[in-house]
Amino acid sequence: MNRLLSVAAAGLLLLDPGGPRGDGFQDGRTAGVRLENSKIVITGNGAKGGKADGYQLKRPCWYEPGPDASQMLRTQEEVRAYWFRMNPDGTEEQFQAFLKQFKDKIGKPGRWWTPAYNEADARGRACWGGLDQFVWVPPGTTPPAGITLAELVEIARAALTVPEPKVKLNPDVKSYVNLPTWVWLEGVGETTRSVTASIPGIMSATVTASLEDIKIDAGTSSDRAEVREECGASGRPYQRGGEFTCGVRYLRASIDQPREVYVLTVTTVWPVEVEDDVVPFAYDPVEVGATRDVPVGEVQSTVRRP
């Protein structure tokens, strides 16, 4: 069959890849996943309101389970007028010949699979364009390039975001040599973030990230700063007389540093798990950092002679 006629006749269903979408995360140049022409639904508190770590899907396009034989035939019959607009020299005989491939599947077990792609990947649209617009698939089988449960897990992982840390320090404005600078996070909120990617009625996968730890980079070498990282999930808020276990003790002033400050970085660590172990994946933790400028001065002492 003439592929041009096949694609044109599918027009209202799939020709324009800017159709229905399931949204993951996209913010300016940073993108997790943005699904086009997809039936995948992305839900969960980790799918928005946070920051992604740039995890990329390995494959930019795929086939997804689509209409059964009757639904597909009905859809194609409804685009008759569109078919003739796209094929002004086409005949009724050609149109009926095109419909025959759908009529032949009525009463047979299976369904049509249709292509989708990740718009957040620059390769996505071209990859989508290289796929057939519909593929008949018998029950219990997956076509070449058909989406799998493992890839659904990957989509959930790519859509996962965690809150950007809000760093609190004590002292907050300026520290001094040998004075402990306590570090903790403010307004941590939910410490568990999850994303579920599902094709309703067919398959579903959930990934969960839990805030476990924070890492501290003093912004200088160990001979100029002592870092303590017994912090737990969100650091140790300052307590008068408390034990200093999470933060930095700067050993030299910052006057010789760029802008006369140390740039302290606090990174939250969120290990990721696949719920119910539906696939044997082991992901690296999601890590998201924030910085604070820390000016460090020296306490001036005056020695008086008797």
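**Exercise 1.** Which residue lies over the face of Tyr283?

Solution. Arg157 does, at 5.7 Å from the ring centre. The test: NZ of Lys or CZ of Arg must be within 6 Å of the ring centre and within 35 degrees of the ring normal.

A note on the model. It is predicted: local features need pLDDT of at least 70, side-chain atom pairs count only at pLDDT 80 or more, and totals for chains, interfaces and linings use all residues. Residues are numbered from 1 along each chain as its sequence is written, and side-chain values use heavy atoms, leaving out hydrogens and water.

**Exercise 2.** Classify the aromatic pair of Tyr55 and Tyr283.

Solution. Start with the rule. Rings of Phe, Tyr and Trp (its six-membered ring) pair if their centres lie within 6.5 Å; planes under 30 degrees apart are stacked, over 60 edge-to-face, the rest tilted. The search of the whole structure finds 13 such pairs. Tyr55 and Tyr283 sit 5.7 Å centre to centre, with 85 degrees between the planes, so the pair is edge-to-face. Next, check burial: both Tyr55 and Tyr283 are buried (under 20% relative accessible area, 1.4 Å probe, protein chains only).

**Exercise 3.** Now classify Tyr250 and Tyr262.

Solution. Their centres are 4.5 Å apart and their planes 5 degrees apart, so they are stacked. Tyr250 and Tyr262 are both buried.

**Exercise 4.** Find the aromatic cluster that contains Trp112.

Terms used. Buried means under 20% relative accessible area, exposed over 50%, partly exposed in between (1.4 Å probe, protein chains only).
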